[in-house]
Amino acid sequence: LVETNEYKNIILKYFKNKNIKKIFFKKNLLINKIKNIFKVLMIFLENISYLTLSTILQRRQTIDGNLNLIHFDIHSKNDINSDRYFHFYKHFAKIKKDIAVTYTILPRYVDFNFSKYIKFIKQINISKNKCILFENILSPTDYLYILYKSLFPKHVIINNYNEFKFDIRELIKEEIVNLKSPRPTFNAYVYFEFIKKLSKKTNILRLLLWHENYIPEKGLLLSLSRYSKNTKSKGYQGFAPQNFLLNLFVTETEKQANITPNIISCISKKNLNVIKKYTRSQKYEISPSLRYELIHDHQINLPSSDNYKCFIYAPYDKEETINILQLIIKYNEYNKGGIVFNIKFHPGGPSKWLRIYNKIISNSNINIIKRASNITLSDCDLVIAGPSSVCIESIAMGKYVLVYDRKVGSFRSTITQDLSKDLYCIFSDFNELSSNLNRYIRNKRKINIVDFNKIKLDYFEKITEKNLHNFFYF
């Protein structure tokens, strides 16, 4: 089942010897384009509303001298003075006396509405930390220009592109014409115009950003390359990359187009070997694993009782989360006692998804956990998760991991092939989940602490004052 005609053509071209009888189209492209036009207009009005609220409510900040920017997502459920990406305030405080650098936060809003934005502005007004918003620099005229660029993309000529051994040029053109991914595209133009105007007001020395190689950050980096050429940029990939999530892998084409950071930082040599395979000229470095500071201090022990604690770290994907919940509920119906299930939902999911999840588990014995994931991990015996960084994090902390595979497309795993299958399993249905959980209970598996200590060192760079200094002062 494919979405577009060009996608169909690619499959028929490269898989013509396979047993493909018929290919169906999922969407009417004209209707889909009309929907995307409407989405762009709504995004424009949303940004104009934020601009108005910022102008009325935000305390003015002077922008002068040299500027060091740190860019990451701010979720509506979080506070401006904390972040789940760099743990910036905690780590930077350890070294800020030793370096002559201060950072100004450039946040990107996730799952915001008017009331949450007003609360966000109030937090900024009382915060001691410096913060600059896109609305502080851009004007209504800028947003009108961005609206025009988003609705009427340029005709693109792509001479050659076969980074992944497939010629996808026509698919790229089709997606551009049909305005696919309207919000990321609009945001990319916002970032581009923001840097263009900000560079006229001040000297941007550094940009440190959370790096997943998404569309918006390409606008940010392209604008730096044109209007602030002396700015040093570093993208921090502070997690374990999924093997088939190809946007995480910078290509030589992107590097030559100036839409990648000067330096890409990852948290281990193992990760570095994975992410650099599609480029020759990109500069990489290994940096401290800022989000995983508890791993190296964690003491690995066998479960202390027959009541095992299972931590369910729900994936971002809504369907995957719902499937996992339904499988756990079914398991509890057939197996009374033995395992206590605690769950933490992905912080990036919108509030309406949380309401759906809460309804599903309302009459079950699955407990919702509010505290930080790394603290919950240290206190559990086994982990159920989707294909995310939490899998390798859990293994390094001595937990047995059950990874959910939805059996849709390629299985995107963060667990490298050199790790023993005794440390984890993959499940897709009730029988696989049930048999693996029951096998864990029966075996009360023995663990080799030496092996786990090696995994910690292989996958998570220790945090020291020296590597913190090198990370922030580049």
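**Notes on backbone, aromatic pairs and cores**

1. Let me start with H87, which is buried because its relative accessible area is 19%, under the 20% cut-off. Please keep in mind that this is a predicted model. H87 sits in the loop between β1 (66-75) and α3 (88-93). Its phi is near 50°, a positive value in a residue other than glycine.

2. N258 is also worth a look on the backbone: its phi is positive, about 65°, although the residue is not a glycine. You will find N258 in the loop that runs between α9 (252-256) and β5 (263-266).

3. Now to the aromatic rings, where the structure holds 35 pairs. Take Y236 and F471: their ring centres are 4.9 Å apart and their planes stand at 65°, so this pair counts as edge-to-face. The two residues link distant parts of the chain, with Y236 in strand β4 (residues 232-237) and F471 in helix α17 (residues 465-472), 235 residues apart. Both Y236 and F471 are buried.

4. Another edge-to-face pair is formed by F311 and Y313, at 6.1 Å centre to centre and with 70° between the planes. Here, too, F311 and Y313 are both buried.

5. Which residues form one aromatic cluster? Y236 and F471 belong to it, together with F72, Y85, F86, F88, Y89, F92, Y103, W210, F239 and F472.

6. R206 is placed over the face of F474, at 6.0 Å from the ring centre. K277 lies over the face of F249, with 5.2 Å to the ring centre.

7. On to the nonpolar cores. The largest has 68 residues, and the members that touch the most others are F86, Y103, Y117, F120, I395 and F472. Helix α14 (residues 389-396) gives this core its largest share, five residues.

8. What is I395 in contact with, leaving aside neighbours within four places in sequence? The partners of I395 are V401, I415, L419, L423, Y424, F452 and I455.

Note on methods. Residues are numbered from 1 along each chain as its sequence is written. This is a predicted model: local features need pLDDT of at least 70, side-chain atom pairs count only at pLDDT 80 or more; totals for chains, interfaces and linings use all residues. Side-chain values use heavy atoms; hydrogens and water are left out. Helices (H or I, at least four residues) and strands (E, at least two) are DSSP runs, numbered from the N terminus. Buried means under 20% relative accessible area, exposed over 50%, partly exposed in between (1.4 Å probe, protein chains only). Rings of Phe, Tyr and Trp (its six-membered ring) pair if their centres lie within 6.5 Å; planes under 30 degrees apart count as stacked, over 60 as edge-to-face and the rest as tilted. A charge sits over a ring if NZ of Lys or CZ of Arg is within 6 Å of the ring centre and within 35 degrees of the ring normal. A nonpolar core is a set of buried Ala, Val, Leu, Ile, Met, Phe, Trp, Tyr and Cys residues joined through side-chain atoms within 4.5 Å. Contact means heavy atoms within 4.5 Å.
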